[in-house]
Amino acid sequence: MTRETARRRDEILAQARAEAERIVREARQRAGAAHASAVAVVAAELAVLAQQGRERAEAEAARGVFVMKDGVIRKALEAARKRLDDLTAQPAFRPVLERLLDEALGAVQLDEPEPEHESEVVADSLGTDPELPGMAESAPDLSPEEAEGAETVPPREPNERIVRVPSKHAAALGAQIEAAGAQLAMSAGPKDGVIVEDSWGTFRVTNTLSLRLARLEGEVRTEANRLLFGREARQ
(Lines give C-alpha, C1' and ligand atoms only; values in the text may rest on other atoms or scores of the structure.)
Protein backbone atom coordinates (compact mmCIF):
# COMPACT_ATOMS: atom_id res chain seq x y z
CA MET A 1 0.00 0.00 0.00
CA THR A 2 1.42 3.30 -1.00
CA ARG A 3 1.65 6.27 1.26
CA GLU A 4 -1.06 8.12 -0.70
CA THR A 5 -3.42 5.22 -0.39
CA ALA A 6 -2.87 5.05 3.37
CA ARG A 7 -3.57 8.76 3.73
CA ARG A 8 -6.77 8.49 1.74
CA ARG A 9 -7.94 5.58 3.87
CA ASP A 10 -7.32 7.50 7.06
CA GLU A 11 -9.32 10.47 5.75
CA ILE A 12 -12.30 8.23 4.87
CA LEU A 13 -12.22 6.55 8.27
CA ALA A 14 -12.02 9.92 10.00
CA GLN A 15 -15.01 11.20 8.04
CA ALA A 16 -16.92 8.02 8.84
CA ARG A 17 -16.18 8.36 12.56
CA ALA A 18 -17.19 12.02 12.50
CA GLU A 19 -20.45 11.21 10.72
CA ALA A 20 -21.19 8.40 13.15
CA GLU A 21 -20.53 10.68 16.11
CA ARG A 22 -22.80 13.33 14.57
CA ILE A 23 -25.61 10.82 14.07
CA VAL A 24 -25.25 9.53 17.61
CA ARG A 25 -25.16 13.06 18.99
CA GLU A 26 -28.28 14.14 17.08
CA ALA A 27 -30.06 10.94 18.07
CA ARG A 28 -29.24 11.62 21.69
CA GLN A 29 -30.46 15.21 21.35
CA ARG A 30 -33.74 14.05 19.77
CA ALA A 31 -34.14 11.43 22.45
CA GLY A 32 -33.46 14.01 25.16
CA ALA A 33 -36.06 16.41 23.71
CA ALA A 34 -38.65 13.64 23.42
CA HIS A 35 -37.89 12.52 26.95
CA ALA A 36 -38.22 16.06 28.27
CA SER A 37 -41.53 16.51 26.42
CA ALA A 38 -42.84 13.23 27.79
CA VAL A 39 -41.74 14.17 31.28
CA ALA A 40 -43.47 17.54 30.95
CA VAL A 41 -46.73 15.91 29.80
CA VAL A 42 -46.62 13.42 32.65
CA ALA A 43 -45.84 16.16 35.15
CA ALA A 44 -48.80 18.23 33.91
CA GLU A 45 -51.11 15.22 34.21
CA LEU A 46 -49.82 14.52 37.70
CA ALA A 47 -50.42 18.16 38.67
CA VAL A 48 -54.04 17.96 37.43
CA LEU A 49 -54.61 14.70 39.31
CA ALA A 50 -53.06 16.17 42.44
CA GLN A 51 -55.32 19.24 42.23
CA GLN A 52 -58.39 17.06 41.72
CA GLY A 53 -57.34 14.93 44.65
CA ARG A 54 -56.98 18.00 46.86
CA GLU A 55 -60.38 19.32 45.76
CA ARG A 56 -62.02 15.96 46.46
CA ALA A 57 -60.32 15.77 49.83
CA GLU A 58 -61.45 19.32 50.68
CA ALA A 59 -65.01 18.59 49.54
CA GLU A 60 -65.14 15.38 51.53
CA ALA A 61 -63.73 17.18 54.55
CA ALA A 62 -66.33 19.94 54.17
CA ARG A 63 -69.11 17.37 53.85
CA GLY A 64 -67.75 15.58 56.89
CA VAL A 65 -67.77 18.80 58.89
CA PHE A 66 -71.31 19.61 57.72
CA VAL A 67 -72.55 16.15 58.63
CA MET A 68 -70.84 16.42 62.01
CA LYS A 69 -72.37 19.85 62.72
CA ASP A 70 -75.80 18.78 61.50
CA GLY A 71 -75.64 15.71 63.72
CA VAL A 72 -74.75 17.78 66.78
CA ILE A 73 -77.55 20.29 66.12
CA ARG A 74 -80.03 17.49 65.44
CA LYS A 75 -79.16 15.88 68.76
CA ALA A 76 -79.59 19.26 70.46
CA LEU A 77 -83.06 19.61 68.94
CA GLU A 78 -83.95 16.08 69.99
CA ALA A 79 -82.81 16.89 73.51
CA ALA A 80 -84.98 20.04 73.45
CA ARG A 81 -88.02 18.00 72.37
CA LYS A 82 -87.30 15.51 75.15
CA ARG A 83 -87.13 18.37 77.66
CA LEU A 84 -90.51 19.64 76.43
CA ASP A 85 -92.01 16.16 76.80
CA ASP A 86 -90.64 15.95 80.33
CA LEU A 87 -92.06 19.39 81.13
CA THR A 88 -95.61 18.35 80.20
CA ALA A 89 -95.53 15.72 82.98
CA GLN A 90 -94.49 18.19 85.68
CA PRO A 91 -96.55 20.64 87.77
CA ALA A 92 -94.49 23.48 86.28
CA PHE A 93 -96.31 22.92 82.99
CA ARG A 94 -99.56 24.33 84.40
CA PRO A 95 -98.58 28.04 84.02
CA VAL A 96 -97.19 27.33 80.55
CA LEU A 97 -100.45 25.66 79.54
CA GLU A 98 -102.46 28.60 80.89
CA ARG A 99 -100.38 30.94 78.73
CA LEU A 100 -100.87 28.74 75.66
CA LEU A 101 -104.61 28.69 76.30
CA ASP A 102 -104.77 32.46 76.73
CA GLU A 103 -102.91 32.98 73.44
CA ALA A 104 -105.17 30.57 71.56
CA LEU A 105 -108.34 32.15 72.93
CA GLY A 106 -107.01 35.58 72.06
CA ALA A 107 -106.45 34.50 68.46
CA VAL A 108 -110.19 34.12 67.78
CA GLN A 109 -113.18 36.45 68.11
CA LEU A 110 -115.52 35.21 70.78
CA ASP A 111 -118.40 37.50 69.77
CA GLU A 112 -118.64 36.62 66.08
CA PRO A 113 -122.17 37.38 64.85
CA GLU A 114 -124.21 34.62 63.33
CA PRO A 115 -124.61 34.82 59.54
CA GLU A 116 -127.95 36.17 58.35
CA HIS A 117 -130.25 33.83 56.44
CA GLU A 118 -131.19 34.90 52.94
CA SER A 119 -134.88 34.47 53.75
CA GLU A 120 -136.81 32.89 56.54
CA VAL A 121 -139.88 32.34 54.35
CA VAL A 122 -139.67 29.25 52.14
CA ALA A 123 -143.35 28.95 51.04
CA ASP A 124 -146.29 31.32 50.62
CA SER A 125 -150.00 30.45 50.69
CA LEU A 126 -151.28 30.28 47.13
CA GLY A 127 -154.57 31.61 45.81
CA THR A 128 -154.63 34.76 47.94
CA ASP A 129 -153.22 37.20 45.37
CA PRO A 130 -156.11 39.12 43.75
CA GLU A 131 -154.07 39.56 40.58
CA LEU A 132 -153.81 35.80 40.13
CA PRO A 133 -157.40 34.55 40.31
CA GLY A 134 -156.65 31.29 38.56
CA MET A 135 -154.14 30.19 41.17
CA ALA A 136 -156.78 29.77 43.89
CA GLU A 137 -158.05 26.64 42.22
CA SER A 138 -154.64 24.87 42.37
CA ALA A 139 -153.67 25.91 45.87
CA PRO A 140 -152.78 22.91 48.07
CA ASP A 141 -154.63 22.35 51.30
CA LEU A 142 -152.19 22.69 54.23
CA SER A 143 -152.96 22.08 57.85
CA PRO A 144 -151.96 24.82 60.32
CA GLU A 145 -149.09 22.64 61.56
CA GLU A 146 -147.81 22.00 58.01
CA ALA A 147 -148.11 25.63 57.08
CA GLU A 148 -146.13 26.70 60.15
CA GLY A 149 -143.35 24.20 59.40
CA ALA A 150 -143.11 25.30 55.78
CA GLU A 151 -142.94 29.00 56.44
CA THR A 152 -139.79 29.26 58.57
CA VAL A 153 -136.35 27.66 58.81
CA PRO A 154 -135.38 26.36 62.26
CA PRO A 155 -132.82 28.71 63.83
CA ARG A 156 -129.23 27.57 63.62
CA GLU A 157 -127.49 26.55 66.80
CA PRO A 158 -125.09 29.20 68.20
CA ASN A 159 -121.48 28.91 67.16
CA GLU A 160 -119.73 27.78 70.34
CA ARG A 161 -115.99 28.01 71.01
CA ILE A 162 -114.75 24.58 71.98
CA VAL A 163 -111.46 24.12 73.86
CA ARG A 164 -109.48 20.89 74.01
CA VAL A 165 -106.74 20.59 76.65
CA PRO A 166 -104.75 17.71 78.22
CA SER A 167 -107.15 15.60 80.24
CA LYS A 168 -105.23 15.86 83.51
CA HIS A 169 -105.37 19.69 83.35
CA ALA A 170 -109.00 19.97 82.22
CA ALA A 171 -110.47 20.59 85.67
CA ALA A 172 -107.84 23.17 86.59
CA LEU A 173 -108.42 25.14 83.38
CA GLY A 174 -112.22 25.04 83.51
CA ALA A 175 -112.59 28.46 85.12
CA GLN A 176 -110.26 30.12 82.59
CA ILE A 177 -112.18 28.56 79.69
CA GLU A 178 -115.55 29.55 81.11
CA ALA A 179 -114.40 33.11 81.77
CA ALA A 180 -113.43 33.39 78.10
CA GLY A 181 -116.94 32.40 77.02
CA ALA A 182 -115.85 29.05 75.65
CA GLN A 183 -116.70 25.45 76.46
CA LEU A 184 -114.45 22.58 77.47
CA ALA A 185 -114.57 19.71 74.96
CA MET A 186 -115.30 16.19 76.11
CA SER A 187 -112.34 14.79 74.14
CA ALA A 188 -108.82 15.46 75.37
CA GLY A 189 -106.46 17.73 73.52
CA PRO A 190 -102.72 17.40 72.79
CA LYS A 191 -100.50 16.66 75.74
CA ASP A 192 -98.27 19.71 75.18
CA GLY A 193 -100.80 22.42 74.42
CA VAL A 194 -104.35 23.36 73.51
CA ILE A 195 -106.74 23.48 70.57
CA VAL A 196 -109.52 26.06 70.19
CA GLU A 197 -112.15 25.44 67.52
CA ASP A 198 -115.77 26.26 66.85
CA SER A 199 -118.83 24.05 66.71
CA TRP A 200 -119.57 25.11 63.12
CA GLY A 201 -116.17 23.83 61.98
CA THR A 202 -115.01 27.13 60.48
CA PHE A 203 -111.66 27.47 62.26
CA ARG A 204 -109.17 25.71 64.49
CA VAL A 205 -106.29 27.24 66.46
CA THR A 206 -103.57 24.83 67.62
CA ASN A 207 -101.07 26.15 70.14
CA THR A 208 -98.61 23.51 71.34
CA LEU A 209 -94.96 23.51 72.37
CA SER A 210 -94.00 20.98 69.69
CA LEU A 211 -95.64 23.06 66.95
CA ARG A 212 -93.91 26.24 68.14
CA LEU A 213 -90.55 24.46 68.18
CA ALA A 214 -91.13 23.13 64.66
CA ARG A 215 -91.90 26.65 63.39
CA LEU A 216 -88.75 28.01 65.03
CA GLU A 217 -86.47 25.16 63.96
CA GLY A 218 -84.69 27.25 61.31
CA GLU A 219 -83.87 30.01 63.79
CA VAL A 220 -82.93 27.43 66.43
CA ARG A 221 -80.50 25.73 64.03
CA THR A 222 -78.85 29.05 63.17
CA GLU A 223 -78.48 30.03 66.81
CA ALA A 224 -77.25 26.55 67.82
CA ASN A 225 -74.69 26.62 65.01
CA ARG A 226 -73.41 30.00 66.23
CA LEU A 227 -73.25 28.93 69.88
CA LEU A 228 -71.69 25.52 69.26
CA PHE A 229 -69.19 26.37 66.52
CA GLY A 230 -68.54 30.10 66.86
CA ARG A 231 -66.60 31.55 63.95
CA GLU A 232 -66.82 28.28 62.03
CA ALA A 233 -70.58 28.86 61.76
CA ARG A 234 -69.92 31.59 59.18
CA GLN A 235 -67.79 29.33 57.01
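**View 1. The surroundings of Val165 in a predicted model**. Val165 touches Ala170, Leu173, Ile177, Leu184, Ala188, Gly189, Gly193 and Val194, where residues up to four places away in sequence are not counted and contact means heavy atoms within 4.5 Å. This is a predicted model, in which local features need pLDDT of at least 70 and side-chain atom pairs count only at pLDDT 80 or more, while totals for chains, interfaces and linings use all residues. Residues are numbered from 1 along each chain as its sequence is written, and side-chain values use heavy atoms, with hydrogens and water left out.

**View 2. The largest nonpolar core**. Of the 18 residues in this core, Leu101, Leu105, Val163, Val165, Ile177 and Val196 touch the most other members. Helix 2, helix 4 (170–179) and strand 3 (193–198) each give two or more residues to the core, and the largest share, six residues, comes from helix 2. A nonpolar core is a set of buried Ala, Val, Leu, Ile, Met, Phe, Trp, Tyr and Cys residues joined through side-chain atoms within 4.5 Å; buried means under 20% relative accessible area, exposed over 50% and partly exposed in between (1.4 Å probe, protein chains only). Helices (H or I, at least four residues) and strands (E, at least two) are DSSP runs, numbered from the N terminus.

**View 3. The buried residues of helix 1**. Lys69, Gly71, Ile73, Leu77 and Thr88 are the buried residues of helix 1, and they pack against helix 2 (93–106) and helix 6 (217–229).

**View 4. Glu223 in helix 6**. Glu223 is partly exposed because its relative accessible area is 36%, and its C-alpha atom is separated by 9.8 Å from that of Ile73, 150 residues apart along the chain.
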